[in-house]
Structures are given as C-alpha cells and as structure tokens.
Amino acid sequence: MNIKQTQVGRGRGVLVALLAVFLAACAAKLTKVETGEVTIKERLMVKTDSAWNQFDEGLVSKVPTWTKEGVTIDSLSFFVGIKDGEALLPLASSDKGIAPPIFKAAMQPEELVSLYQSVLTRDGSTFVVKRIEPADFLGGRGFRVEFVLTRKLDDVRLQGLAYGAVKAGQFHMISFVAPRLRFFDQYAPQAEAIAKSARLRG
C-alpha cells in the first residue's frame, strides 16, 4: 500500500481554531479512569491495568479521549460505532463548505486509514504510514497501522498506532498518538494492550 504524505494548508484561521480546541481541552474537566473493565459509549468494552484521565466530552465531540500526561502530549481515542454514511469526525465551525470524511461500510483497510489520515491532516499537519497489516481486533479480522504525524501547529513529531475493524457495517477504531521521544515508548504498550482487550457488548 502506498498512501501519499498529505499536507493541506488551511491558513491562519485554522491554526487559531486548532489552538482554541487544544486550550479548551486543557481547561476541560477530567474524570479518572480506574483500572479494570471500562465501557465506552455503551458499546465498546476494554480493560486497563493502569489509570488514565478522560475528558468528560472528549477532545472532539463524540470521540472519547483518554490521556496520561495531557491531551496535547498523548491521546488515546475511541471511534465507536461509526455508521455507513456518517462522518468519522464532525467538522469544526471554521470548516464550513468543506466535505467531511465519510465512512462507507465497503471500505478496505487502506481506505479506512486514508479516512483517518484526512482527519489528522485537516489542519495542514503531515501523516506518513509506516506499516499497515492485518490484525485481530474485536474478536475478528481487522487491521493495525503505525504512522508518523508531524503537527503543523508546533512542528512536533508524533508517533501513532491504531487498531480498526468494520463490524456489522459499523467502523470501530482505537488510536494512540504521542511524541516519539519518551512518551510514545512509555505508553504505547499500555494503549496496545487496551486495544487488544477490546470487545463489543452483546
């Protein structure tokens, strides 16, 4: 698979909007996620062996987000039950007139990664896929992807991994992103264990 590095400039207004999102996230109320089994959006169940912090409303609406050090440093995001024809992520108010990235149930892993890529590069950041491969996820066949994200806002280079799968026509994905130095290596094993423990209720 060859997903091209993407860089889309949206101008100063988008950077200001993204900064506002980060500042709002930093000010948001946090809830402690204790160890044990946790249910996310009443659908996805995961197990964690260590405590995390969760934003009450998620970093972005409809996307529950956990963090260890703060969401601008590391983020574990849960995309749960995205239905055919729905946007993977709602557009910001500053993105009016831009078509949102839409999930289609027939998408293949490479297309699903491209969908996720389009979300992360909306602000002009760059995304490079290092590896994508089949993986067990949610009790069946899914995919695992490793990538590098260079954040345009502050030019920080982040490393990421994600597990995803389409089940009964709905897309589920767990992704983890953190700076390559120290934080990714420190927390990626925990994030990966959480993804491997995931199952759907019922």
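User: What makes the residues around the second largest pocket its lining, and which lie nearest its centre?

Analyst: The second largest pocket is lined by 15 residues, with Gln 108, Pro 109, Arg 141, Gly 142 and Phe 143 nearest its centre. Lining residues have an atom within 4 Å of a pocket point; on a 1 Å grid over the protein atoms alone, a pocket is an open set with protein on both sides within 12 Å along at least five of seven lines, whereas in a cavity a 1.4 Å probe fits but cannot get out. Helix H2 (109–120) and strands E7 (126–137), E8 (140–150) and E9 (157–167) each give two or more residues to this lining. Helices (H or I, at least four residues) and strands (E, at least two) are DSSP runs, numbered from the N terminus. This is a predicted model, in which local features need pLDDT of at least 70 and side-chain atom pairs count only at pLDDT 80 or more, while totals for chains, interfaces and linings use all residues. Residues are numbered from 1 along each chain as its sequence is written, and side-chain values use heavy atoms, with hydrogens and water left out.

User: What volume does the second largest pocket have, and how does its lining divide by residue class?

Analyst: Its space is about 200 Å³, where a volume is the space filled by probe spheres set on the grid points, joined across faces, edges and corners. The lining divides into nine nonpolar, three polar and three charged residues. Ala, Val, Leu, Ile, Met, Phe, Trp, Tyr, Cys and Pro count as nonpolar, Asp, Glu, Lys and Arg as charged, and the others, Gly among them, as polar.

User: Why is Leu 161 called buried?

Analyst: Leu 161 has a relative accessible area of 4%. Buried means under 20%, exposed over 50% and partly exposed in between (1.4 Å probe, protein chains only), so Leu 161 is buried. This residue lies in strand E9. Its contacts (heavy atoms within 4.5 Å) include Phe 147, Ile 174, Phe 184 and Ala 188, not counting residues up to four places away in sequence. Leu 161 and Ala 188 are 27 residues apart in sequence and 8.1 Å apart in space, C-alpha to C-alpha.

User: What makes a set of residues a nonpolar core, and how many residues has the largest one?

Analyst: A nonpolar core is a set of buried Ala, Val, Leu, Ile, Met, Phe, Trp, Tyr and Cys residues joined through side-chain atoms within 4.5 Å. The largest has 27 residues, and among those with the most contacts inside it are Leu 76, Phe 78, Ile 174 and Phe 176. Helix H3 (183–197) is one of the elements that give two or more residues to this core, and H3 gives the most, with seven residues. Leu 76 touches residues including Trp 66, Ile 174, Phe 176 and Ile 194. A second, separate core of 23 residues includes Leu 112, Val 113, Phe 147 and Ala 162.

User: How do you know that E9 and E10 are paired?

Analyst: Two strands pair if DSSP finds at least two bridges between them. Ten bridges join E9 to E10, which run antiparallel, so the pair meets the requirement of at least two. Gln 159 has Ala 178 in E10 as its bridge partner. The two strands form a hairpin with two residues between them, and Ala 168 in the turn has a positive phi of about 50°. E10 is also joined to E6, by seven bridges and antiparallel.

User: Why are E2 and E11 described as standing at the edges?

Analyst: The order of this open three-stranded sheet is E2-E3-E11, with antiparallel pairing. E2 and strand E11 (199–200) each have a single partner strand, so one side of each is left without a neighbour in the sheet.
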